[in-house]
Structures are given as C-alpha cells and as structure tokens.
Amino acid sequence: MPFLHTATEKIYYEVHSPAFTDQTDTIVMIHSVITDHTLFDSITAELTPHYSVIQYDLRETGNSASATGEISFEAHIEDLFHLLHTLHIKKCYLVGVGFGGQIAVKFAARYEFLIEGLILLSLPFYSDSTLQKIKRCYNEESKNQIPVEKIFELGKLESLEPTNIQQVIEILKKMDPGVYFRFLKLSLTDNLFQELTSISLPVLTLSGQHDLLFSSQYLISKTMFLKNYSHMTIPNAHSSFLVKEKTALLKEIVIDFIKSNTQQLPSLKNDPMKILKNWESDMAIDIQKDFHAHPPSLKVDFLYSFSVYVNGQLIAEGWNKRFAQEILLYLIFHHSISREQLCEALWPDVPLSNAKKNLRVYLSHLKKLLNAEKEEPVLLVNRQLISLNADVSSDGLDLLTN
C-alpha cells in the first residue's frame, strides 16, 4: 500500500493516471467523516481516462494512522500539502464531500497558488435549526458509541442503496468513537464564510435533493454574492453519496467545470434544459416534460429595488403578501426545489406539517402573480417539486457572473 510518511503520520493514498497521455490535470478527492477514500472509487474510474485522480484517507480514518491523534483543520491542511509536495503536484482541482469540503476550502484559502478550482458536495453550512437538530440527537448518545441510527435518521440515509448503507456501517464500525465525535465537533464549530470570501478561484457547490442537513437554500443565501461561485442541486440524490448515485452526471459536471477553468459555468447556470437532459431520475424526467421549447422570460431585479417582469410585462402588485417575494428570490437561484427544502429554508422554526400547509396557500398566490392565462406557465408546482419554467435574468445573477 502507498503511504505518505511524516514524523508522526501515515497517510494512505492512491494515484490513478490515464494510460496514454503525457500531460493532464490532477483532481484530488477528499472524503467525508462517515466515509473513506473508497467513496470515490466509481467516479475515479470514470475520470481516470481524462485526468489524474488522487484519493486518500484523512488521518485517523480508513488505512491512515496518526501517532499524535491530532485532527485539527491545521493538521489536515498540512497533510494535504505534504501529499501534493511528495507527489510533485504543482496545480490541482479539489473535490471535497462534507467535512472534506471544509478542508478543501481552508486549504485553498491558504495555498491558493496550488489550486485550480473547487467542487464541493454537501458543504457544511449549518443553520441554527440544523445545529439544534444535531445537538438534540447527540446529547442523547454516549460518547463511547457512534450513533449509527441517528446518523441515518438525520441524513435521511435509510433510502440509500443497500450497498451504500452497508459501506457506511462498515466504515463507522472501524472508526474510533472518540475520533468520530472530535471530527463532528470540529465541523460544527467551523465557519467557512471568511475563507470562501477570500478565495478568487472558481467554486462549484453541489447538493442532493434529499440533503436535509445542509439545505441548499441556506447555502445559497450565504454565498450568492461570492465571486466565481455556482451552485447545482441534483434531484433524487443524497449529497454524501452523490458520487455513487449519479456517477455519470458528476463525471460530466467535473469535466465541464475543468474545461471552463477560471470562468463561471454558463453551461450549468440558468439553463435547466441542458442540465435536466442529463439527469437519470424519474423525477427529473417528469420535470423535463414540463419545460417547453420556448419558455417565458422572467426578469427579477432586487439589488436596488424589487421588480418582476414576465415576458416584458411588469408585475407591480402582490409581492408584499404571502411570502411571494421571498419564495421567488429562492427560486431564481435554485430553479427546482422540494416543498420540504423550501419550508426548512424559509420557516425553520415552524413545524413541517404546518409550514407545508401554509406553503400551499403561498404557492397559489404566487402562481396567480406569475402565470398569465393562455400563456406558458412560469411557475410549475407538483406534489414533490416547485420549479421555474422560464428564461431567468436578474441584476443579482448578473453580479454573480461578472
């Protein structure tokens, strides 16, 4: 087995390179707390014909070992630096999942000259309601045992494929409970905003539709004005296992991101037809049927004053009622969301059943504002998702892409 040896650490890693190329980009994969380097096996196999891919186990996880037991972000950052230095990697892209995304952001903030761009899955941005959920669950548990059932409950992981569930269970069985809780505490007490603000690299965040811990709406609300930043949410997927559930789609996203290099991702942004045609889920297909060849135009400006135009016509009234303005602003940054996600983002302190009941009234009002009779509907609502069927423009979106 290949290991990176330092005075106190032994870090396991794997290097996968294309067979027939002299020069190629390098991608380094950083796993989450509840997984190890094997999380990336399927996506690595897809990407290796195009790029060099490095997988490794964080200290105290998988095949890696530590004599000191230190798992601070400082330690993780230096482990990654030594790995790149040892392998003579001068520039690379970082792909991080969960806690691995936190490491990727902090590493890029310190060693930006080594990084080309970041792809971050299920990036831990904790809302107050999420922190309360986690603390309520873990306060009930003994620190001598990893709460596997609570992890599955909080992450809604019970609907994963059996092989993925078994992988999580096996990894958690091998992990020292003390190490797990130290990882968790480190993640919960971290604030990424300052580091993200300091990074001028292109950043793409990805969320799974079923990721209830790290709400994509909350993430977007915190990062929407950052330079070189883009976000996508993948229907019918769990962020922590997106690399396994949607391997072919993620491969395309990574390749497109690298090809765009220092540019934002116009092909992935505000173009629902191009994105949806690649999604291999029944839910995505259902949404795609609702999009038409010539969707309406929707212009939403909000930086200086709030105004909405549908097909060039100003919709002047009704925006101060029934959360119409708030819901529309979420939708222009996130074309398709579930009812649960929207309720969690806008009304985290309201019981979900009550919030969903209220949401039906709010959506009815918003549909009346946006959907003119005998014209293509702008707002599409079904039992699961709320979607915009429009060519969207906005002064806020323009700011993000300039």
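1. Helix 14 (residues 324–333) in this predicted model lies across strand 10, strand 11 (307–310) and strand 16. Its angle to strand 10 is about 115°.

2. The sheet under discussion is open and has four strands, in the order 12-11-10-16. Pairing is mixed. Strand 12 (313–314) and strand 16 (391–393) are the edge strands. Each has a single partner strand, so one side of each lacks a neighbour in the sheet.

3. Strand 10 (residues 297–301) and strand 16 run parallel and are joined by three bridges. Ser 297 sits opposite Asp 391 of strand 16.

4. Now strand 6 (residues 92–97). Six of its six residues are buried. Cys 92, Leu 94 and Gly 96 point one way, while Tyr 93, Val 95 and Val 97 point the other way.

5. Strand 6 has parallel pairings with strand 3 and strand 7. Four bridges link strand 3 (residues 26–30) to strand 6, and Ile 27 has Tyr 93 as its bridge partner. Six bridges link strand 6 to strand 7 (residues 115–121). There, Tyr 93 stands opposite Gly 117. From strand 6 the chain passes through helix 3 (residues 99–110) to strand 7, a right-handed β-α-β crossover.

6. A word on confidence. Mean pLDDT for the protein is 82, with 83% of residues at 70 or more. Residues 262–293 have pLDDT below 50.

Technical notes:
Residues are numbered from 1 along each chain as its sequence is written. This is a predicted model: local features need pLDDT of at least 70, side-chain atom pairs count only at pLDDT 80 or more; totals for chains, interfaces and linings use all residues. Side-chain values use heavy atoms; hydrogens and water are left out. Two strands pair if DSSP finds at least two bridges between them. Helices (H or I, at least four residues) and strands (E, at least two) are DSSP runs, numbered from the N terminus. Contact means heavy atoms within 4.5 Å. Axes are lines fitted to C-alpha atoms, for helices over the stretch in contact, and angles run from 0 to 180 degrees between N-to-C directions. pLDDT is the predictor's confidence in each residue, from 0 to 100. Buried means under 20% relative accessible area, exposed over 50%, partly exposed in between (1.4 Å probe, protein chains only). A crossover is right-handed if, with the strands pointing away from the viewer, the path from the first strand over the helix to the second runs clockwise.
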